[in-house]
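Subject: Structure handover

Hello,

Here is the structure I promised to pass on. Please open it first, then read the notes below.

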Amino acid sequence: METLTTQQQSFLLSTLRDVPDFPKDGIVFKDITTLLNNHEAFNLLMSHLESKYKNQGLEYIAGIDSRGFIFGSALATRLGIGFVPVRKKGKLPSKTICEKYELEYGFDEVEIHIDAFKNKVGAKVLLIDDLCATGGTAEASAKLIIETKATLVEVCFLINLSFLDGKNKIEKYAPVYSVLNI
Ligand code: AMP
């Protein structure tokens, strides 16, 4: 199903667990492990994303470290295309390009293999992660994909924290789709 009904969205929402004050005071952490261990929910989500993206000529799914790997790789195999990890600095073994982004306190960096899309100019890529908060991680990841000369077709999240406005930041690079807006 290309569009989820309100009932299906509510069902997916009901499988998420809010963990207050993790990883630090004041943050309500959206725990997706309770969706992943519910076969009906995980399958509904992946079937939805499969039907939404199957006719878009995508060539790669890029997933953001680390929960984007779970949804991204599952989607890539469903679509019959390759998966590419965007990782936190220092984890990828071959030649990388790197992008720094600002956190609440300090900076972090993400990396991608320079040849992740096999150097194909215009390769059609969907970027995916579990959640958009400030949008900083996805924005940096989007910049990396564009720097490889691939085409960033869309950025997809399971959850968008609408009150944080991170989506706007990413829309400068590509359209953004989120399954659940909170
Ligand atoms: P941001 O760069 O601020 O959009 O943060 C996005 C990254 O941090 C994603 O990879 C999320 O998995 C994680 N994240 C940020 N805030 C939360 C939250 N409230 N609950 C779960 N994960 C979060």
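How much space lies in the largest pocket? About 1,100 Å³. Please keep in mind that this is a predicted model. My notes start with that pocket, then turn to the ligand, the cavity and a few backbone details.

**The largest pocket**

The lining of the largest pocket has 32 residues. Nearest the centre are Ile27, Leu131, Ala133, Thr134 and Thr137. Four elements each give at least two residues to the lining: β2 (28-31), β5 (96-102), β7 (124-132) and α5 (136-147). The largest share comes from β7, with 4 residues. By class, the lining holds 16 nonpolar, 5 polar and 11 charged residues.

**The ligand**

Where does the ligand sit? It is in the largest pocket. Around the ligand there are 14 residues. Arg67, Asp130, Thr134, Gly135 and Thr137 come nearest. Thr134 and Thr137 are also among the residues nearest the centre of the pocket.

- Arg67: an N or O atom of its side chain is 2.6 Å from an oxygen atom of the ligand.
- Asp129: a polar atom of its side chain is 2.8 Å from a ligand oxygen.
- Gly136: here a polar backbone atom is involved, 3.4 Å from an oxygen atom of the ligand.

How much of the ligand does the protein bury? Taken alone, the ligand exposes 490 Å², and the protein buries 82% of that.

The shell around the ligand draws at least two residues from each of β2, β7 and α5. Within that shell β7 gives the most, with 4 residues. So much for position; the classes come next. The shell has 6 nonpolar, 4 polar and 4 charged residues.

**The cavity**

How many cavities of 30 Å³ or more does a search of the whole structure find? The count is 1. The space in this largest cavity is about 40 Å³. Its lining is made up of Leu45, Leu49, Phe71, Ile128, Asp129, Cys156, Phe157, Leu158 and Val179. Two or more of these residues come from each of α3 (39-53), β7 and β8 (151-160). The most come from β8, which gives 3. The lining divides into 8 nonpolar residues, no polar ones and 1 charged.

Look again at Asp129. This residue lines the largest cavity, and a polar atom of its side chain lies 2.8 Å from a ligand oxygen. The strand β7 also turns up in both places: it supplies residues to the cavity lining and to the shell around the ligand.

**Backbone details**

Pro23 lies in the loop between β1 (17-20) and β2. Another is the bond from Asp65 to Ser66, also cis, with omega near -5°. Ser66 lies in the loop between β3 (60-64) and α4 (67-79).

You will find Lys149 in the loop between α5 and β8.

Over to you.

Best wishes

Methods. Residues numbered from 1 in each chain as written. Predicted model: local features only at pLDDT ≥ 70, side-chain atom pairs only at ≥ 80, totals over all residues. Heavy atoms only, no water. 1 Å grid on protein atoms, 1.4 Å probe; cavity = no way out; pocket = protein on both sides within 12 Å on 5 of 7 lines; lining within 4 Å. Points joined across faces, edges and corners; volume = space filled by probe spheres on them. Nonpolar A, V, L, I, M, F, W, Y, C, P; charged D, E, K, R; others polar. Near = heavy atom within 4 Å. Polar contact = N/O pair within 3.5 Å; in protein donor to acceptor, adjacent residues only side chain to side chain. Areas by Shrake-Rupley, 256 points an atom, 1.4 Å probe, with all protein chains shown as cover. Sits in = over half its atoms within 2 Å of the grid points.
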